[in-house]
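Trainee: I have the structure open. Can we go through some helices and charged pairs?

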Protein chains: 2
Amino acid sequence: MPTVDVHTHVYPPSYMSLLRSRTTVPYIRNFPDAPDSARLIILPGEDSASTPSTSRGRPIGPEYHSIAHKLAFMDAHHIAASVISLANPWLDFLEPAAAPAAASSINAEIESLCAQHPTRLYHFGTLPLSAPAPAVCAEIAHLASLPHCRGVIMGTSGLGAGLDDARLEPVWAALAAREMLVFIHPHYGLPSDVYGPRAAADYGHVLPLAIGFPVETTVAVARMLLGGVWERHPALTVLLAHSGGTLPFLAGRIESCVAHDGHLKKEGRLERMRSLWDVLKRNVYLDAVVYSEVGLRAAVEASGQDRIMFGTDHPFFPPLDGEETEWLSVKTNYAAIKKAFDGDESAAEAVLGGNAARILKLDL
Amino acid sequence: MPTVDVHTHVYPPSYMSLLRSRTTVPYIRNFPDAPDSARLIILPGEDSASTPSTSRGRPIGPEYHSIAHKLAFMDAHHIAASVISLANPWLDFLEPAAAPAAASSINAEIESLCAQHPTRLYHFGTLPLSAPAPAVCAEIAHLASLPHCRGVIMGTSGLGAGLDDARLEPVWAALAAREMLVFIHPHYGLPSDVYGPRAAADYGHVLPLAIGFPVETTVAVARMLLGGVWERHPALTVLLAHSGGTLPFLAGRIESCVAHDGHLKKEGRLERMRSLWDVLKRNVYLDAVVYSEVGLRAAVEASGQDRIMFGTDHPFFPPLDGEETEWLSVKTNYAAIKKAFDGDESAAEAVLGGNAARILKLDL
């Protein structure tokens, strides 16, 4: 069974130009104290003059925009097919008037890249989420017409007020009606003061990336649950980045807090609310980007081994010395799958590629 | 093997009086629209006039301060011994000058309660953390002289700047030298805007309690790791509330983010930093307050089944209708242990009480 990477990003050339043209986050620039390297700054917390240059964003090279690099990475890691997606922050920052055309253009550009590499590249499309819902629904219709599109990628901001925003109703309805999977991915993290006074100077990107990102996903999905999204859209399916953030571990606590909440009981919500465990097994797919067999086993137990799909998060987390062909971040996730299934080859193969091929209807 | 509850709180009478005397968070009051019930308000987010009365704090009854109620709860749930601790927010809010005497008095009061119920009650002591470190160390010495004290409980604020604060060095040194376990427990959660515009009115306490609390613990311990606390104090042991927050699930991602961080590498931190997996197996104990076998198995895999200890979080999460003798929250955690160990009676007994008896040197 070929290996399929469902969590792998690209900033296509037009998006690179957009980032280079900007002077506020998100943007690409060369810093005076790091002149040999263009750096990509996508998080507000990365844009402080007091931050060491080694913590200001990340070096950005051709692996971020070159499909040749993507294919070479895939070859080096024995990945048969990749479902590529625009990386964060997508088009969330665009003026509403500019977003629909930009989304349509980028989706067409990525579709064209996929068409040039049949059986190797598919994609999750980008939505113009700063525009009103009808424009978003129009782009969903466009994406549904693209042969290599297998769903959409979406941040946790939605139309600006989160994924429990009532204005998203027509978007969820359109996605569910077209059976388009929604890849929910973090970008905004947590307010930086959560990490304390030493984090910015001393701890690099560890806390925002290792904790802020998965917590953002966790909160976003919990808000969808509490807001009743899956009660109204039982056919809506989502793929959650980083094995669901922390949901497999926290699902029990979330369910207990719901069951013990006096306000929810008074409002009559307890009877109607979907069980999170049930949502995890019927509406949720998880990637296997969790970097340990401990986390992966929890993900498998929470959603089922037929709902977990291998991913790399390429081109993020490259080797620090830039020389290894085989990336540590990818090796760690491969090793987690091997350990989690401990000799059960068919289960490992399902997670590595079989599930993705079936769920996303890939021609490999 | 008797069952031991290591996560069970009390607000002793003197602390109740203190809360009743206050008019800002934390405090106890009767609201005009909920006149039949005194309510305990401990979180700033709970203190808004626009919040429904059913979401303003929680009803507070004798289960919060009465040792007779604690013992009846223990009997109803087959708990032989409890290691009681002052509940959050402890004495974090006191003026520095008032804190040392208050801590000393409350610790003596709780010690006296334990002495009245031999073999049934032990305690984790309270520190005057708003006072300077020497006063904190003096109270550690006092606690070490109390026969029923088995460690200390501590929030994540430390002396006000988190658990990676250099000013805590003498405190960690004193605790490690006396082999006193530190029960790290959340209180502050996350900034309320993380939960979005609908949370306060619509979702009760679910998001702050189910996600904010465990994430606070996770960040606090990650900061201790990154700040090098266990490099300098290899004998320091901690008990983490709620099975480590989310650490068992996120440990792989945290380790990967450390290994891929250019700033940490440049600073030479990668060679010296303790592995989080190693800390989880040598310096960390986890309670079993995670409400699912999925989370509990991850906790067991992360720290080892000889380091997990049963807990209830009593008197929080009472039955909503107030009538059941056996609490759903406790039954859920008992069931998780039963399912996680699936017939391995000796492992289940170790988690239910054997580990606590050995680790905390309890005379049962």
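Trainee: Which residues in H9(B) are buried?

Mentor: First, the basis: this is a predicted model, where local features need pLDDT of at least 70, side-chain atom pairs count only at pLDDT 80 or more, and totals for chains, interfaces and linings use all residues. Residues are numbered from 1 along each chain as its sequence is written, chains are lettered from A and ligands numbered from 1 in the order in which they are written, and side-chain values use heavy atoms, with hydrogens and water left out. Buried means under 20% relative accessible area, exposed over 50%, partly exposed in between (1.4 Å probe, protein chains only). In H9(B) the buried residues are B:Leu247, B:Pro248, B:Phe249, B:Leu250, B:Ala251, B:Gly252, B:Arg253, B:Ile254, B:Ser256, B:Cys257 and B:Val258.

Trainee: Which residue forms a salt bridge with A:Arg223?

Mentor: A salt bridge is a side-chain nitrogen of Lys or Arg within 4 Å of a carboxyl oxygen of Asp or Glu. Here N to O is 2.8 Å. The partners sit 59 residues apart, A:Arg223 in helix H7 and the other in the loop between strand E7 and helix H5 of chain A. Both are buried. The partner is A:Asp164.

Trainee: Is B:Arg274 buried or exposed?

Mentor: B:Arg274 meets B:Asp278 in a salt bridge at 3.0 Å. B:Asp278 is partly exposed, at 26% relative accessibility. B:Arg274 has 17%, so it counts as buried.

Definitions and conventions. Helices (H or I, at least four residues) and strands (E, at least two) are DSSP runs, numbered from the N terminus.
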